[in-house]
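User: I am new to this structure and would like a short tour. Could we begin with the salt bridges?

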Amino acid sequence: MVTAAQPLLPRATARSPRATAVRHLGPNWYATVMGTAIVATAGAGLPVSVPGLRPVLTGVWALSLALLVTLLCARALHWAHHRDQARAHLLDPAMAPFYGCLSMALLAVGGGALTLGADWIGTRTAVALDAVLFGAGTAIGLAAAVAVPYLMAVRHRIEPSQATPVWLLPLVAPMVSAALGPLLVPHLPAGQARETLLLACVALFGVSLLATLLMLPLVFGRLITGGPLPLVLTPTLFLVLGPLGQSTTAVNNFADVAPGVVPTPYSGGFGVLAVLYGVPVMGFALLWLALAVAHVVRARREGMGFAMTWWAFTFPVGTCVTGAEGLARHTGLTAFQGLAVVLYVVLVAAWTTVALHTVRGLLSGALLAGPRPVAAALR
């Protein structure tokens with residue numbers, strides 16, 4: 001049978017193998033950058049000193065930067081040669097939310113530039129790099145936070161039973177900006193510039209928090225009334241930890257830089273907010289972590305295999321590490337110090353496992369192949 005797609009075949013065969021290889025490279029791949037960067041930055045803030053650890057973490061940050069550059073180039077090829085597939089991603093309610101990952105990847109690498117990268121590239125270069133990535137990441141994150149829910153409302157056809165934690169991704173991106181923006185505050189001129197950036201980060205905190213509070217009940221309601229998620233989507237339950245850990249990190253970072261930036265009554269208020277908000281939210285994060293682990297154990301017993309959704313085990317857990325580190329700084333409690341260390345060990349184990357599976361899938365070609373039939377994909 002002759003179809004409308006056949007005249008395009010000669011052009012497709014003329015494409016380079018490199019361009020063809022990225023046809024199914026979706027925005028979800030930016031999760032590899034996020035998950036790698038958080039291993040570095042979370043390790044840098046640990047309340048314990050490990051000899052020789054910082055150079056290793058700086059190397060991990062450099063790896064995340066290399067991954068970011070590689071993926072930006074690969075995604076540019078994707079848009080240049082496979083616009084039909086790129087458009088299909090935007091119109092797919094399961095894939096469109098992953099456009100928030102681009103924002104978070106830029107922000108995570110930028111934050112790591114100041115936290116660790118300055119050791120190798122110098123402070124001035126690190127500040128410049130972070131400023132560029134923070135600006136781009138924040139703009140893309142705000143655009144995704146508006147565009148993706150808009151598409152979900154007017155173009156996607158979604159049933160309540162389709163709700164998944166993936167829907168949170170574009171809404172969490174502004175929270176990552178809120179958490180990492182304070183790192184740039186001390187590098188701005190004193191006065192209006194510093195206060196403006198800090199309060200802009202507080203506004204981004206509100207954007208993400210309120211949007212998450214609207215979306216999370218849909219996800220939890222689907223889980224309770226609709227039963228467990230499909231096996232391949234079960235790891236996405238860890239994504240709920242993202243806004244919880246990242247918002248805790250944000251309020252603690254606000255408190256770190258507020259003195260001398262905002263007037264005295266408010267600077268002290270940020271310190272109070274860090275504890276009174278962070279402690280109960282971290283408690284809920286630990287409850288959700290236990291729930292998510294229970295679902296993943298069940299899914300593994302039923303045959304859940306590796307998929308790119310396993311990267312959900314990395315960045316969200318990393319935000320809980322940085323949140324616990326912030327609470328340890330502002331409470332002085334050994335309990336939060338120990339929590340940060342334990343969660344970091346979990347993070348490193350998860351990243352190592354997922355990274356090895358990803359490399360294996362890339363070498364075999366399985367991860368860049370076309371989508372499997374629906375019946376198999378839901379396993």
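Analyst: A salt bridge is a side-chain nitrogen of Lys or Arg within 4 Å of a carboxyl oxygen of Asp or Glu. This is a predicted model, in which local features need pLDDT of at least 70 and side-chain atom pairs count only at pLDDT 80 or more, while totals for chains, interfaces and linings use all residues. Residues are numbered from 1 along each chain as its sequence is written, and side-chain values use heavy atoms, with hydrogens and water left out.

User: How many salt bridges does a search of the whole structure find?

Analyst: The search finds three. In one of them, D119 pairs with R54, and the closest N and O atoms are 2.5 Å apart.

User: Which helices hold D119 and R54?

Analyst: D119 lies in helix α6 (residues 100-121) and R54 in helix α4 (residues 53-81), so the pair links distant parts of the chain, 65 residues apart. Helices here are DSSP runs (H or I, at least four residues), numbered from the N terminus.

User: Changing topic, what is the average pLDDT of the chain?

Analyst: The average is 90, and 92% of the residues score at least 70. pLDDT is the predictor's confidence in each residue, from 0 to 100.

User: Where does pLDDT stay under 50?

Analyst: One such stretch is residues 1-14, with two contacts (heavy atoms within 4.5 Å) beyond four places in sequence. Another is residues 373-379, with eight contacts beyond four places in sequence.

User: Now the packing. How do α10 and α11 cross?

Analyst: The axes of helix α10 (residues 241-257) and helix α11 (residues 264-301) come within 8 Å and cross at roughly 160°. Axes are lines fitted to C-alpha atoms, for helices over the stretch in contact, and angles run from 0 to 180 degrees between N-to-C directions. The angle makes α10 roughly antiparallel to α11, a term for angles over 145 degrees.

User: Which residues make that contact?

Analyst: Among them are L244, V251 and F254 of α10, and F270, Y277 and W288 of α11. The contact residues divide into 15 nonpolar, five polar and no charged. Ala, Val, Leu, Ile, Met, Phe, Trp, Tyr, Cys and Pro count as nonpolar, Asp, Glu, Lys and Arg as charged, and the others, Gly among them, as polar.

Methods
Helices (H or I, at least four residues) and strands (E, at least two) are DSSP runs, numbered from the N terminus. Angles under 35 degrees count as roughly parallel, over 145 as roughly antiparallel, 65 to 115 as roughly perpendicular and the rest as oblique.
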